[in-house]
Amino acid sequence: MQYLLNTYARFDVEFVRGESATLWDKDNNEYIDFTSGIGVVSVGHGNVRLSNAICEQARNIIHISNLYRIPPQEKLAEILVKKSGLENGGVFFCNSGAEANETALKIARKYGEINGEIKRYKVITLENSFHGRTISTLKATGQPKFHQYFGPFPDGFTYAKNIEDIYNKIDDKTIAVMIELIQGEGGVNPFDIREIQKLSAELKKRDILLIVDEVQTGIYRTGEFLASNLYKINPDIVTLAKGLGGGVPIGAVITTLSDVLKPGDHGSTFGGNYLSTRAGLEVIKILDEYYESGMLKETTEYFENRLLEIVKEFPDKFESVSGFGLMRALRAHSVEVRDEVVKKAFENRVLVLKAGEKSVRFLPPLTITKEEIDEGFDRLKESIK
Ligand SMILES: *Cc1c(COP(=O)(O)O)cnc(C)c1O
């Protein structure tokens, strides 16, 4: 690792093989993966259908550029618009969550420029949010610890303490509110559904855009196609990335403001190429079947029950379960307990994530089997003991 920049505190393990939610290291030790690469490998490791689709595409055309039509990109855009329920929507493809959020901010700023007498450009985000690592999405992220060293930042970001506080932060220059519906990195904190519906309606009345960052919550992670569907709202802009390509890098922005950006306003060299959009198509096809057959719901309930069991069995260590679908966390009583459990879990070969101040986060592949769940929780309990 000596030639890599030291940006991650890595576990010293080399995974060489994967199947579903199971990974093997180079000494053939088996691990249960409750992280899916931070919510990316949504259809599991070594998925045969996804890898076949990718291989077939790679043998033909991987990339041409957005100067020419790309049929799987057009098809994926149609599916995203129709499934999201965002009427007359359009899609822009890029390669990551941060880039999707950058795109959303550009759309909002241009909308603010061309509508109204004064330019509206301010964006309200929430404390404890996470929106990415580029200079503007870092500034959008309402966690001061990330801002150290990297200023000066672009102007126009304001942080609200919670949903109610957003109303206090609105002024005549506000163009958009950008939020996660369930804060992921912040600790798996879902907002109240009625509060969000009220916010959505209120912003519409005032012609302020609602941008929902679904980079982590999108593509069935919370049980519905989008968390926005679960919350029954129609945002102006939705951003996606993590689970969409099953591990192939892809980001997407779905917006009802489909005529704001014009040729030359925005672009991406790799965005929406044959390979990533072909992957996206296959991932959605697999997960649609999983959702429609009731399997996703069944797996979610099974997983949830195992989490509730932990709180019941170890009330001295954990206080509650949070989240929706297969985006979940166990909230520990202290950061020490949380850190110790995550460390012990790794030693016992079950992979879990940290989030927020004192949560153990779970983002398993959506296609995880009951056997893998059982095995993972046995190891987790051993670790907690
Ligand atoms: C991961 C994440 C991002 C950043 O995505 P990248 O692909 O790492 O740029 C942005 N927003 C949310 C909510 C995320 O979870």
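Predicted model: local features only at pLDDT ≥ 70, side-chain atom pairs only at ≥ 80, totals over all residues.
The expected span is 1.5 Å times one less than the number of residues. Helices here are DSSP runs of H or I, at least four residues, and strands are E runs of at least two, numbered from the N terminus.

Which residues of α3 are buried? They are P72, Q73, L76, A77, L80, V81 and S84. Buried means under 20% relative accessible area, exposed means over 50%, and partly exposed is in between, with a 1.4 Å probe and protein chains only. These residues cover an arc of only 165° around the axis, so they sit on the same side of α3. The arc is taken from the directions from the helix axis to the C-beta atoms. Among the elements covering them are β4, α8, β11, β12 (251–255) and α9. After α3 comes G85, with a positive phi near 80°.

A word on ground rules. Residues are numbered from 1 along each chain as its sequence is written. Local features need pLDDT of at least 70 and side-chain atom pairs count only at pLDDT 80 or more, while totals for chains, interfaces and linings use all residues; side-chain values use heavy atoms, with hydrogens and water left out.

Next, E87. E87 is in the loop between α3 (71–84) and β4 (90–94). With a relative accessible area of 65%, E87 is exposed. C-alpha to C-alpha, E87 is 8.8 Å from N234, although 147 residues separate the two in sequence.

Now the overall layout. The chain is divided into domain 1 (15–46 + 293–362 + 371–384) and domain 2 (52–291). Those bounds come from an automatic or database domain assignment. Taken over C-alpha atoms, the domain centres are 27 Å apart. How many residues of domain 1 are in contact with domain 2? There are 25, and they meet 27 residues of domain 2. Contact means heavy atoms within 4.5 Å.

The largest nonpolar core has 54 residues. A nonpolar core is a set of buried Ala, Val, Leu, Ile, Met, Phe, Trp, Tyr and Cys residues joined through side-chain atoms within 4.5 Å. F34, L80, F318, L330, F362 and L380 have the most contacts inside this core. Helix α9 (residues 274–292) gives the largest share, 8 residues. Each of domain 1 and domain 2 supplies at least three residues to this core. A second, separate core has 26 residues, including I170, V188, F191 and L203.

Neighbours within four places in sequence aside, the contacts of F362 are F34, F303, L307, L326, M327, R328, A329, L330, V352 and L380.

F303 from that list brings us to helix α10. α10 (residues 295–313) has 19 residues and reaches 27 Å from first C-alpha to last, close to the 27 Å expected. Its buried residues are L296, T299, T300, F303, R306, L307, I310 and V311. Down the axis, they fall within an arc of 145°, so they line one face of α10. On the other side, K297 and K312 are exposed. The cover over the buried residues includes α9, β13 (318–324), β14 (327–332), β17 (359–362) and α12 (370–384).

Last, the rings. The structure holds 14 aromatic pairs. Rings of Phe, Tyr and Trp (its six-membered ring) pair if their centres lie within 6.5 Å; planes under 30 degrees apart are stacked, over 60 edge-to-face, and the rest tilted. Y231 and F324 are edge-to-face, at 6.3 Å centre to centre and 85° between the planes. Y231 sits in the loop between α8 (227–230) and β11 (237–240), and F324 in strand β13, 93 residues apart. Y231 is buried at 0% relative accessibility, whereas F324 is partly exposed at 28%.

The rings of F303 and F377 have centres 5.1 Å apart and planes at 75°, so this pair is edge-to-face too. F303 is in α10 and F377 in α12, so the pair ties together parts 74 residues apart in sequence. F303 is buried at 1%, and F377 is buried at 0%. Finally, ring pairs link F11, F15, Y31 and F346 into a cluster.
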